[in-house]
Structure formats: C-alpha cells, structure tokens
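I opened this structure for a first look.

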Amino acid sequence: MIFLSVVFTLIGLGTLLWRDDDLIGVPPVVAGTGLVVLGVATGVVWAVRRRRRWERNGEPRPVGNVVQRAKALPRLLRERKAYGLPTTTLATWGFAVLYLVSPVDLLPELLPVIGVTDDAGVAVWLLTSVSTVAGQYLRWERERSGASPRPRKP
C-alpha cells in the first residue's frame, strides 16, 4: 500500500510539473492535485492500518528516533541470531539494495515518471522495513538490559 502511495504522489507531482494540456478533459492542475491527495491519503490509511495491526496482534511498537535506529543497525546485524532476525529478511533487504544499484530495471528510467517510481517504491519499502526492524530491535535490547522503553508522547 505504501508503494501505491508513492506512485500516486509521484505521478501527481509529475503531472503538476510537466503536463500542460488536458488529461482526458481534466486540467492538469486538477488531475495532478487529485493524484497527490490520493497518494497522501493512501499513505495515511497505510500508517493507520499498520498501527492497528500492531495493537491487534499485540506486537511491540518500535522505539527510538531515526538516528538511534541507524546507530542500532550494526548491532542488530551482529546480534541477528540472538535477536531472531530471519535470514530471509536479510536476503530480501539485500535483493532490494541490489535492485536499487543495478542498472537493469523492471521499468526503465526512460519512461518519464513511471520509470522512477519502481525505484522509489523499493527504496521506501526498504527504508521502512529496516527502520521498523531496527526500532523493534531497540525495544528488545532495552527489555533485555532491564531498562523499560520510554513512553510515547501523546
């Protein structure tokens, strides 16, 4: 769902920036704005559903800010077996990085807006996945050391 959010937003921005004639009888400003709003709304729905799924399944929420999670990533990789990080997750991250740096793409960059969206979607998924796992690792690390995680601000 986050991929759709990124795709809609990027296509909407592309329409706003580069389109100068009507799109199926709709002015480009209206079509672009509609796609951006649809993309942002899809992202919000995704975030709300994810939060509810965590609460329903009793999964612990990730802790830490972006800098703390980035600093925890090397420790997570060193302690992946003790933490229980599946090898398939590491392999999926590796394939995502390989796809991002590879010159071969599913959708070539020659296509105006769509060519970049597959890379953007993979990058957003990768950053979200790594950040979530690093946040959950920080929670696990704090619970293991006996320190309770700081409560979230409302």
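A helix here is a DSSP run of H or I with at least four residues, numbered from the N terminus. A nonpolar patch joins nonpolar side chains within 5 Å, from residues with over 30% relative accessible area and no salt bridge. I keep in mind that this is a predicted model.

**Entry 1: the surface patch**

I looked for nonpolar residues on the surface. I found a patch formed by L13, L16, L17, W18 and V29. Together they have about 550 Å² of accessible area. Which helix gives the patch its largest share? Helix 1, residues 2-18, supplies four residues.

I then picked out L16, which lies in helix 1. Its relative accessibility is 37%. L16 therefore counts as partly exposed, since that class runs between the 20% limit for buried and the 50% limit for exposed.

**Entry 2: the core**

The largest nonpolar core has eleven residues. I noted V63, A72, L76, L85, W93 and A96 among them. L126, V130, V133, Y137 and L138 also belong to this core.

Three helices each supply at least two residues of the core: helix 3 (66-78), helix 5 (87-101) and helix 6 (114-145). Which helix gives the most? Helix 6 does, with five residues.

**Entry 3: Y137**

Is Y137 buried or exposed? Y137 is buried, because its relative accessible area is 0%. I set aside its neighbours within four places in sequence and listed its contacts. They are A72, R75, L76, E79 and Y83.

**Entry 4: the rings**

I searched the whole structure for aromatic pairs and got three. In one of them, the rings of Y83 and Y137 have their centres 5.4 Å apart. Their planes stand at 85°, so I logged the pair as edge-to-face; the cut-off for that label is over 60 degrees. Y83 lies in helix 4 (residues 80-83) and Y137 in helix 6, so the pair ties together parts that are 54 residues apart in sequence.

Y83 also pairs with W140. Here the ring centres are 5.3 Å apart and the planes are at 70°, so this pair is edge-to-face. W140 lies in helix 6 and Y83 in helix 4, so the pair ties together parts 57 residues apart in sequence. W140 counts as partly exposed because its relative accessibility is 22%.

Ring pairs link Y83, Y137 and W140.

Key
Residues numbered from 1 in each chain as written. Predicted model: local features only at pLDDT ≥ 70, side-chain atom pairs only at ≥ 80, totals over all residues. Heavy atoms only, no water. Core = buried A, V, L, I, M, F, W, Y, C linked by side-chain atoms within 4.5 Å. Buried < 20%, exposed > 50% of the residue type's maximum accessible area, 1.4 Å probe, protein only. Contact = heavy atoms within 4.5 Å. Patch = residues over 30% accessible without salt bridge, like charges linked within 9 Å, V, L, I, M, F, W, Y side chains within 5 Å. Areas by Shrake-Rupley, 256 points an atom, 1.4 Å probe, with all protein chains shown as cover. Salt bridge = Lys/Arg side-chain N within 4 Å of Asp/Glu carboxyl O. Phe/Tyr/Trp six-rings, centres within 6.5 Å; stacked < 30°, edge-to-face > 60°.
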